[in-house]
Amino acid sequence: MDPRYPVGKFAMPAEVTPALREAAIKDIASTPAKMRAAVAGLTDAQLDTPYREGGWTVRQVVHHVPDSHMNAFVRLKLALTEEKPTIKAYDEAAWAKLADAEMPIESSQVLLDSVHARWDVLWHSMKPGDFYRVLVHPDHGERTVDWILFVYAWHGKHHTAHITELRKQKGW
Ligand code: NI
């Protein structure tokens with residue numbers, strides 16, 4: 001298994017159905033609790049251990065997830081309120097090296113709770129047509145709101161698994 005992709009690389013479902021959307025919305029809603037469970041009881045030294053050789057530390061992973069999901073939340077709101085907005089990419093590796101990525105993890109856990117609580121209300125408020133709304137990603141081109149939904153359902157599991165796989169490996 002490639003340690004970078006413990007749950008596999010992202011793939012859009014071949015056919016998006018209301019049931020798959022509902023499952024993805026639930027996955028996103030459960031991400032903050034799963035991240036908390038994944039890091040529960042880890043010491044500072046364990047948090048500062050890379051999840052794989054050359055990879056981010058557990059602490060950087062925990063801070064990266066709300067960095068990423070705040071961006072995604074803004075992208076969703078842009079897509080719901082503007083016609084084909086061009087969204088902003090960001091340099092996630094550089095963000096993970098800024099000083100706030102060295103902070104205790106609690107601030108990012110609370111941040112993730114808050115972003116996901118608001119995200120959940122938005123997802124549940126959307127009409128079926130809203131999932132087909134388009135945004136323009138500078139690297140990927142045109143994408144739909146469905147893409148945001150499925151990417152971020154995957155993304156939470158992807159990073160949670162980095163931590164749970166490390167713990168298994170280390171016997172933590
Ligand atoms: Ni990520």
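**Aromatic contacts and a nickel site**

In this predicted model, the charged end of Arg21 lies over the ring of Tyr132, 5.2 Å from the ring centre.

The structure contains five aromatic pairs. In the pair Tyr90 and Trp95, the ring centres are 4.5 Å apart and the planes stand at 55 degrees, so the pair is tilted rather than edge-to-face, a class that requires over 60 degrees. Trp95 is partly exposed, with 30% relative accessibility. One aromatic cluster is formed by Trp119, Trp123, Phe131 and Tyr152.

Helix α3 covers residues 58–81, 24 residues in total. From first C-alpha to last, α3 reaches 35 Å, close to the expected 34 Å. Of its 24 residues, 18 are buried, so α3 is largely enclosed by the rest of the structure. Ser68 belongs to this helix. Its relative accessibility is 4%, so Ser68 counts as buried. Beyond its neighbours within four places in sequence, Ser68 contacts Tyr90, Tyr152 and His155. Tyr90 is a member of the tilted pair, and Tyr152 belongs to the aromatic cluster.

The nickel ion is coordinated by NE2 atoms of His64, His155 and His159, at 2.1 Å. The donor residues follow the spacing H-x90-H-x3-H in sequence. His64 lies in helix α3 and His159 in helix α6 (residues 145–170), so this pair, 95 residues apart, links distant parts of the chain. Both His64 and His159 are buried.

Conventions:
Residues numbered from 1 in each chain as written. Predicted model: local features only at pLDDT ≥ 70, side-chain atom pairs only at ≥ 80, totals over all residues. Heavy atoms only, no water. Helix = DSSP H or I, 4+ residues; strand = E, 2+ residues; numbered from the N terminus. Expected span 1.5 Å × (residues − 1). Buried < 20%, exposed > 50% of the residue type's maximum accessible area, 1.4 Å probe, protein only. Contact = heavy atoms within 4.5 Å. Donors = N, O, S within 2.8 Å, 3.2 Å for Na, K, Ca; no water. Phe/Tyr/Trp six-rings, centres within 6.5 Å; stacked < 30°, edge-to-face > 60°. Lys NZ or Arg CZ within 6 Å of the ring centre and 35° of its normal.
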